[in-house]
Amino acid sequence: MGTLFKIAWRNVWRHGKRTALTIVTMAFGLGLFIGMDSMLKGMDRSGLDNIVALTDSSLRVSTAAYEEERRSYPLAHGLQDAERLEAFLLSRPRVQAVARRTRFVGSLSNGVDALPVLAVAAEPGRDERVLSIPDFVEGSWLKAGGERELVLGFRLAADLGVGLGDWVTLAARTKYDAQNADDFKVVGLINSSEPSLNSSGVFISMRDADGFLDLEGLTTELIVAMERRVNLKDAMADSDALAAELEAAFPGLDARSFGDVGREFLELAKAKSKSIGLIIGIMMLIAGVGIANTVLMSVYSRIREIGVLRAFGFKPREISRLFLLEGGILGVVGSAAGVAFGVALDAYFIYVGFPMESMMGEIDMGLPIWGNLYGEWNPQQMAVAAVVGVAVALLASRAPAKRAARMEVTNALRFV
Amino acid sequence: MAAILELKQVTKIYRKGDNEVRALAGVDLCIERGEFTAIMGPSGSGKTTFLNIVGCLDSPSAGTVSYDGRSLGAMKEDELSEYRKRHISFIFQSYNLIPVLTVRENVELPLVIERRMAKDEIRARADEVIAAVGLKGLGERYPRELSGGQEQRVAIARALVKDPYIVLADEPTANLDSHTAEEIVDIMREINRAKGATFIFSTHDPLVKTHARRVVTIRDGLVHADERK
């Protein structure tokens, strides 16, 4: 094995440029796979964080009737006895905070143009204990005693051409289906990692909404903050259990747990990673063809050498092993280079991040995050990449190795 | 002297499409241990086919080849490889050294393939043979750093390192100038004398012919003449 390895190793480096090209192709494919996986993992994590921290919270409670007509955000199906519901939720062990919200459909105007919006009436002072939108607000979040204040996504503001301190007109139908409109002062612009908030988020205080929409204390949903868990599965299980408990205790209510929303999100993410897997598969196929070509060229350039080795007693399977070994060396070196490139990419994505904002500009890529996208280490996937690299190399070398082994000694020795 | 190699009615027919080429047409020959035999004949006479069959690189279409009384006819591919590994060595016209191995590693190769000696023994044996062909001190060089004559000396050392039954050389001096060719034949002759190694070599070179103790001429696939000196 020692001599076989020596011959294989030295032959691999005999044609430096050819070998380097093959290794670079492999390293690029594998490194990109590792880097993309890191980004996808980071995207999943950010997306799930966004669900809990910015959009849905750990649990969102509304009536079943409201949930059925959710797309139109009807004000006809408010929560009955919200106090008792809040008290029940706050008595549960892992629940940390509860806040009321009322969503409504309206339009926002700068005086010239108007855009349809899905607005949220939130409770200043309580809402931020459940969701952390205020952390991403330029200017200020809704104040408890503030009047006719409005916070909106920075993209929406840009579309309307308004900024901090400007007045905008919000129009909507009241609970009694009467058209109403009022002016609100823009006090905050949201620039968060959740793109939907940036492009369509509009928030006013529950007190303003109460007068504006004749709500008379109507709340369409409760949002719930639960104790943070390190393990995603635990966090999902906690919210699922609380949802089941609540629906059992309050028939007619609909509780959407983080588990429900998170699983839907991960299903969509899985589809994305499949398409990226396909791209990587194609890249590995190219690398495989490159390795097969490199080994085949090596076989053809060493036909006489094969003849000599056979003449001195090498068996066909030893000749085959020699070329498989060359492919294996290419695979191991290519995989090592690929993992090194992947680690470098990961490190960049983890510590510096991928600036979606400056790279994508105004283009909405439909990704569930915004701002700086950070990657995540995934040693398991690195190991998979390395094993796949070596396996592809060995597989690609099989046919040329077989061809070398099948050569007639006399023909090989005659070859010039 | 005892016969080390015996060919009886050896025939080799190649088929190329509908054509049949009879490279050997019933060769009978007996080679004794320690002989220094030249195989001569015009191009296409069957010299290389003869060496291929004697070297177990090819099998005859008919007839038998025996080494030390043992017939090789029934041997399978792997057994023939094993036989070559143990008992037969080759010297090629174009030297055919492994370019990625040093002189010493090239010479060690047959012993490494054989896997019967310890690493230290292999090294000592290789050094001894390298010195015997006059290349002492060049063990760490690569073939590309040697002249044609030096490369052929390495090829001779590689052929002799495992003490084979027989050394087969296909036109070993064809690529060398006359002075170097004479040196190479002298080395082969000296080793033949000193170690008793059996040499069979094909050649067109009249100079080589003068050094041979026995000259077998093949023509049209048959032994045309067999002269002993």
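Which residue in β7(A) stands opposite Trp167(A)? I looked this up in what is a predicted model, and found Lys185(A) in that position.

**Entry 1: the pairing of β6(A).** I next checked how the strands are joined. β6(A) pairs with strand β7 of chain A, residues 179-190, in the antiparallel sense, and I noted seven bridges. I found five residues between the two strands of this hairpin, where Asp177(A) takes a positive phi near 70°. I then turned to strand β2 of chain A, residues 95-109, which also pairs with β6(A) in the antiparallel sense, over four bridges. For Ser109(A), I recorded Thr169(A) as the bridge partner in β6(A).

**Entry 2: the faces of β6(A).** I followed the side chains along residues 167-173 and saw that they alternate. Val168(A), Leu170(A) and Ala172(A) point to one face, and I noted them as buried.

**Entry 3: the interface of chains A and B.** I looked up the contacts and found 19 residues of chain B in contact with 16 residues of chain A. On the chain B side, I listed α2 (77-87) and α3 (103-114) as the elements that give two or more residues. The largest share, six residues, comes from α2(B). By class, I recorded nine nonpolar, four polar and six charged residues on this side of chain B.

Technical notes. Residues are numbered from 1 along each chain as its sequence is written. Chains are lettered from A and ligands numbered from 1 in the order in which they are written. This is a predicted model: local features need pLDDT of at least 70, side-chain atom pairs count only at pLDDT 80 or more; totals for chains, interfaces and linings use all residues. A residue is buried if 20 or more other C-beta atoms lie within 10 Å of its own, exposed if 12 or fewer, and partly exposed in between; C-beta atoms are placed from the backbone. Two strands pair if DSSP finds at least two bridges between them. Two residues are in contact if their C-beta atoms, placed from the backbone, lie within 7 Å. Ala, Val, Leu, Ile, Met, Phe, Trp, Tyr, Cys and Pro count as nonpolar, Asp, Glu, Lys and Arg as charged, and the others, Gly among them, as polar.
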